Amino acid sequence: MIGVLQFPGSCDERDALQACERVGEARLVWHEETDLAGLDGIVVPGGFSYGDYLRAGAIARFSPAMEAVARFAAEGGPVLGICNGFQVLCEAGLLPGALLPNEGLRFICRQVTLVAEDFGGPFGSGISAGQSLSIPVKHMSGRYFAPDERVDELESAGQVAFRYAAGENPNGSVRDIAGVTNEAGNVIGLMPHPEHAVDPLTGSADGLALFRALVRQPAAA
Amino acid sequence: MRAKVLIRPKQGILDPQGKAVERALPALGFEGIHDVRVGRLVELETDDPAKLDSLCEKLLANPLIEDFEVVLEDEASPNGSGA
């Protein structure tokens, strides 16, 4: 069972739920829930949790459900943060770095090409290095930032999961970074929306690969 | 006690808001203004000023991308430039 968090102000939790249901069972997790027993994976979805007041993700990280997600992640459970969910995971310290307002100050909504890096963990296992994925972005604060020396560390540790394809960086992210993982690889965040790329009818099904990692693998148990 | 917390984008981090403001100024006849940076001001009332730094680090500012400065009202200079 995959849990999809729902904060006041989330807006992509239904799409994320439907994406999860293509690979397994899923249910919504209200932000006041603290019992995540029985969940095999968690999605922190996109939207504008708590109105994005102060900074995107800054207040959502203190919600009761996020404390439970932090414990879930510490025990090795797979967690996928999308857009606002990525911002929340960064604010919570579960992922390195921060997301700043787009360089161009405009809300961006378009299909982009991502290139997967060589990264490990449950999310990396279904995606090969160099693979291209067509996935939409739609955000106002998607400029990934970490100090240069920290980005060096992330690169050498294999924690950079996705970059925007050459010339497609929509927001000024440092070194074209679109998504990163934690050190253990079981927590991943990205600005593009894989839940909007799960059906060829809407242009691409490349996003499904990320959701498959949230389902319990029978062989691994 | 009343306090002000000033939060600024860290030096070296591109501040597109500041750039946009800076670019608009010449059109309004304001010449010679450079390096505009836009931050936030949080005003609050506190019973325990000693906790403000920790409050800033945990919530009001993100230390990775922002610097903060706490100004207690009593310390603020009368002309308001204590910020």
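Two strands are said to pair if DSSP finds at least two bridges between them. Helices (H or I, at least four residues) and strands (E, at least two) are DSSP runs, numbered from the N terminus. The model is predicted, so local features need pLDDT of at least 70 and side-chain atom pairs count only at pLDDT 80 or more, while totals for chains, interfaces and linings use all residues. Residues are numbered from 1 along each chain as its sequence is written, and chains are lettered from A and ligands numbered from 1 in the order in which they are written.

β6(A) and strand β9 (residues 160-164) of chain A pair in the antiparallel sense over three bridges, and here L114(A) stands opposite Y164(A) in β9(A). Strand β6 (residues 108-116) of chain A is also joined to β7(A), by eight bridges and again antiparallel; in this pairing V115(A) faces S132(A) of β7(A). Further along, β10 (residues 177-181) and β11 (residues 187-190) of chain A run antiparallel and are held by three bridges, with V180(A) opposite G189(A) in β11(A).

Put together, nine strands of chain A make an open sheet with mixed pairing, in the order β2-β1-β3-β4-β11-β10-β9-β6-β7. Its edges are β2 (26-30) and β7 (132-139) of chain A, each of which pairs on one side only. From one strand to the next the twist averages 25°, where axes are lines fitted to C-alpha atoms (for helices over the stretch in contact) and angles run from 0 to 180 degrees between N-to-C directions.

Next comes helix α2 (64-74) of chain A. Its buried residues are A65(A), M66(A), A68(A), V69(A), F72(A) and A73(A). They cover an arc of only 155° around the axis, which puts them on the same side of α2(A); the arc is that of the directions from the helix axis to the C-beta atoms. Buried here means that 20 or more other C-beta atoms lie within 10 Å of a residue's own, exposed means 12 or fewer, and partly exposed is in between, with C-beta atoms placed from the backbone. The buried residues of α2(A) pack against β1 (2-6), β2, β3, β4 (79-82), α3 (84-91) and β11 of chain A. Just after the helix, G76(A) has a positive phi of about 100°.

Leaving out residues up to four places away in sequence, C20(A) touches I2(A), V4(A), A26(A), V43(A), F211(A) and L214(A); a contact needs C-beta atoms, placed from the backbone, within 7 Å.

Chain B has two helices and three strands, and along the sequence they follow the pattern β-α-β-α-β. Of its 83 residues, 10% are buried. Among contacts in chain B with a separation of 6 or more, 64% are between residues 24 or more positions apart. I7(B), in strand β1 (residues 2-9) of chain B, is partly exposed, with 19 other C-beta atoms within 10 Å. Not counting residues up to four places away in sequence, I7(B) touches G39(B), R40(B), V42(B), L60(B), A61(B), E66(B) and F68(B). C56(B) is 49 residues from I7(B) in sequence, yet their C-alpha atoms are 9.0 Å apart.

Two aspartates have a positive phi. For D52(A) the value is about 60°; this residue is found in the loop between β3 (41-44) and α2(A), and is partly exposed, with 18 other C-beta atoms within 10 Å. D35(B) has a phi near 55° and lies in the loop between α1 (16-24) and β2 (40-45) of chain B. With 8 C-beta neighbours inside 10 Å, D35(B) counts as exposed.

Finally, the two chains meet: ten residues of chain A are in contact with nine residues of chain B. The side of chain A that touches chain B has six nonpolar, one polar and three charged residues.

Terms used: Nonpolar A, V, L, I, M, F, W, Y, C, P; charged D, E, K, R; others polar.
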